[in-house]
Amino acid sequence: MFKKHGILKELVANRLMFLMLLPTLLFFLINSYTPMVGIYYAFTQFDFNTSLFNSQFVGLKNFEFLWKSGVLLKLTLNTIGYNIAFILLGNVLAIALAILLSELKTQWFKKTTQSIMFLPYFVSFVILSVIVYNVFNYESGFLNTTLAKFGAEPVDVYNTPWIWIFLIILFYLWKNLGYSMVIYLATITGISDEYYEAAKIDGANIFQRVWYITVPMLKTTFVMLLLFALGSIMKGQFDLFYQLVGNNGMLYNTTDILDTYVYRSLKVTFDIGMSTAAGLYQSLFGFILIMTVNYIIKKINSDYALF
Amino acid sequence: MKIKEESSMKWFRLIAFAVIVLSSAACLFPFLLIVSASLTQNEAIIRDGYNLIPTVFSLEGYETVFRFPQQVLRAYGVTAFTTVAGTALGLFFMTMAGYVLQRKDFKYRNFFSFMIYFTTLFGGGLVPWYILMTKYLKLTDTMTVLIFPGLMTPFLIILMKNFIRSAVPDEVIESAKIDGANDFTIYSRIVLQLSMPGIATVGLFLALQYWNDWFTSSLFINDTTKYQLQYYLYNVINAMSFVAQMGAGTGVSLGDMPTESTKMAMSIIVTGPILFLYPFVQRYFVKGLTIGAVKG
């Protein structure tokens with residue numbers, strides 16, 4: 001029945017290694033693979049009291065509703081739009097900061113400022129919401145009290161949807177720039193001094209050295225981070241959006257992303273079928289995107305392929 | 001030629017210095033605002049707004065928090081427990097997995113690695129996961145649910161694998177095997193010893209994630225005595241904003257409840273341990289990012 005040289009032999013011979021891997025495999029089986037069965041909820045009218053497969057089957061009704069109401073399109077555009085802004089601005093600014101920081105020669109100053117810029121990454125999103133409130137709330141926020149000192153009109157930020165496009169991007173950068181800057185800085189530190197010395201002898205000034213040596217040397221890191229980010233372009237920064245905007249319906253038009261919508265449908269309206277459908281759409285669309293991106297990369301330059 | 005080089009360098013340094021100082025200031029500014037507000041008298045905040053320097057110095061925010069410290073301390077306890085237990089358990093599992101998955105003589109390492117990686121590509125989504133946890137595993141209001149989902153992530157396992165691969169040469173494992181050590185002995189006696197810096201890095205990433213977690217509580221915890229610290233803070237902030245709005249809307253006096261300064265004091269108390277530990281541990285994160293950026 002069992003082949004002598006097959007998986008069974010391998011299991012016996014390396015039983016300790018399988019045993020050591022077992023907790024991890026079980027974890028992903030329970031936490032990631034089992035919920036995939038629940039995708040079926042997306043096609044049902046959910047009822048908490050019956051089991052999964054006894055729920056009433058409604059076909060693609062949930063998707064149809066999401067699509068016809070225009071919700072899905074808006075959420076998709078918001079999710080992808082914000083992520084593109086995050087990826088582009090985040091990488092370009094992180095590269096700029098890393099280059100500037102790497103050219104400074106005072107060690108303690110470099111170390112200190114790098115630590116300070118990395119610090120926001122460690123703060124929880126709940127604290128971030130406190131910070132945003134401190135600066136932007138209407139009555140006592142730092143912005144409005146400062147404006148008042150100069151005799152200017154106060155701004156009602158929490159009731160002005162378009163401002164949040166910039167605020168969300170701003171605070172994403174605030175929290176994450178230090179993180180990506182450290183990655184780029186590590187790459188720059190790895191560039192051999194000989195290139196710079198040779199360029200100096202040839203009469204290249206600092207701007208030329210940065211543009212013709214440092215920037216091209218960062219290309220590999222940049223492309224890798226870019227592709228990695230493209231792979232998760234359908235996944236929104238849930239913590240960021242939810243803690244900044246919360247349940248402020250005024251701002252949904254400009255700030256609602258797939259992740260916040262799914263969370264709200266689950267927590268507030270408890271619309272299981274609908275939120276599973278939105279989640280499945282997000283997961284599936286994201287999956288297709290990654291596969292396509294990876295396929296194209298493999299054709300162009302297989303060194304950069306994600307898998 | 002020489003002069004031109006020096007003047008361009010001077011300009012560049014000047015720009016670099018200015019940009020770096022400004023960005024650092026922007027990163028630090030919000031923290032100073034919170035610290036300052038936590039030390040300001042509540043009425044002064046409401047009257048003058050938030051300022052970088054306390055207009056009227058007062059410790060009433062901290063006094064209010066510590067007048068009834070049971071709840072904060074309990075939330076602290078929950079978070080401390082989940083952080084320590086989750087990090088220890090997660091590290092134990094992930095170091096073992098990382099070790100096995102980088103062993104070249106382990107035949108199915110690519111298959112299992114992909115099985116783990118695949119979960120980042122596709123998933124069932126939030127809702128089926130939520131129903132599995134609540135309806136089928138019955139984990140609502142348990143410590144298990146606060147610890148289990150955060151035990152490991154594919155990213156950290158890959159990081160761990162890379163660390164072990166670069167820290168433990170294959171020859172060391174080979175010679176230990178020839179000396180008759182079994183796979184677990186090799187792991188516990190050699191691999192763990194040699195990859196300590198990597199373990200510290202992964203452990204700190206994990207600990208940070210547990211410490212800052214509010215999401216798990218928000219989904220699965222109804223019993224307020226089991227709130228994690230961050231979720232407790234989140235609720236306090238919302239409750240106080242509600243009280244303040246009620247007061248403003250109805251014209252009823254709030255009595256002596258210093259809502260604003262208490263919120264800020266609470267934020268400082270919640271973030272304190274991170275700010276305190278940060279200078280000592282940040283180099284491990286830098287190291288982790290540097291190695292993690294290597295593909296593998």
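This is a guided tour of a predicted model, stop by stop, with something to select at each one.

Before you start, note that residues are numbered from 1 along each chain as its sequence is written, while chains are lettered from A and ligands numbered from 1 in the order in which they are written. Because the model is predicted, local features need pLDDT of at least 70 and side-chain atom pairs count only at pLDDT 80 or more, whereas totals for chains, interfaces and linings use all residues.

**Stop 1: the contact of the two chains**

Select chains A and B together. Their contact takes 67 residues from chain A and 74 residues from chain B; two residues are in contact if their C-beta atoms, placed from the backbone, lie within 7 Å. On chain B, the elements that give two or more residues to the side touching chain A include α1 (2-38), α4 (70-102), α6 (126-136) and α14 (259-292). Helices here are DSSP runs (H or I, at least four residues), numbered from the N terminus, and strands would be E runs of at least two. Which helix gives the most to this side of chain B? Colour α1(B), which gives 18 residues. By class, this side of chain B has 50 nonpolar, 15 polar and nine charged residues. In this count Ala, Val, Leu, Ile, Met, Phe, Trp, Tyr, Cys and Pro are nonpolar, Asp, Glu, Lys and Arg are charged, and the others, Gly among them, are polar.

**Stop 2: a crossing between chains**

Now show α15(A), residues 272-300, with α6(B): their axes come within 7 Å and cross at roughly 130 degrees. Axes are lines fitted to C-alpha atoms, for helices over the stretch in contact, and angles run from 0 to 180 degrees between N-to-C directions. The two helices α15(A) and α6(B) are therefore oblique to each other; angles under 35 degrees count as roughly parallel, over 145 as roughly antiparallel, 65 to 115 as roughly perpendicular and the rest as oblique. Pick out A:Ile272, A:Ser275, A:Thr276 and A:Gly279, which meet B:Leu126, B:Val127 and B:Pro128.

**Stop 3: α10 in chain B**

Next, select α10(B), residues 183-194. This helix has twelve residues and reaches 15 Å from first C-alpha to last, close to the 16 Å expected at 1.5 Å a residue (the expected span is 1.5 Å times one less than the number of residues). Its buried residues are B:Asp183, B:Ile186, B:Tyr187 and B:Val191. A residue is buried if 20 or more other C-beta atoms, placed from the backbone, lie within 10 Å of its own, exposed if 12 or fewer, and partly exposed in between. Look down the axis: the buried residues of α10(B) fall within an arc of 95 degrees, so they line one face. That arc is taken over the directions from the helix axis to the C-beta atoms. Turned away from this side are the exposed B:Arg189 and B:Gln193. Among the elements covering the buried residues of α10(B) are α2 (15-33) of chain A and α4 of chain B.

**Stop 4: α10 in chain A**

Move to α10(A), residues 206-217, where A:Ile206, A:Arg209 and A:Thr214 are buried. They cover an arc of only 60 degrees around the axis, which puts them on the same side of α10(A). On the other side, A:Phe207, A:Trp211 and A:Pro216 are exposed.

**Stop 5**

Zoom to B:Lys263, in helix α14 of chain B. Is B:Lys263 buried or exposed? With 27 C-beta neighbours inside 10 Å, B:Lys263 counts as buried. Leaving aside neighbours within four places in sequence, B:Lys263 is in contact with A:Val130, B:Val236, B:Ile237 and B:Met240. B:Lys263 and B:Ser38 are 225 residues apart in sequence and 7.6 Å apart in space, C-alpha to C-alpha.

Then try A:Met234, in the loop between α11 (219-231) and α12 (238-245) of chain A. A:Met234 is buried, with 22 other C-beta atoms within 10 Å. Residues that A:Met234 touches, beyond those up to four places away in sequence, include A:Thr79, A:Gln282 and A:Phe285.

**Stop 6: two positive phi angles**

Finish with A:Phe270, in the loop between α14 (258-267) and α15 of chain A, and B:Lys138, in the loop between α6 and α7 (143-147) of chain B. A:Phe270 has a positive phi of about 50 degrees although it is not a glycine, and B:Lys138, also not a glycine, has a positive phi of about 50 degrees. A:Phe270 counts as exposed, with 11 C-beta neighbours inside 10 Å; B:Lys138 is exposed, with 11 such neighbours.
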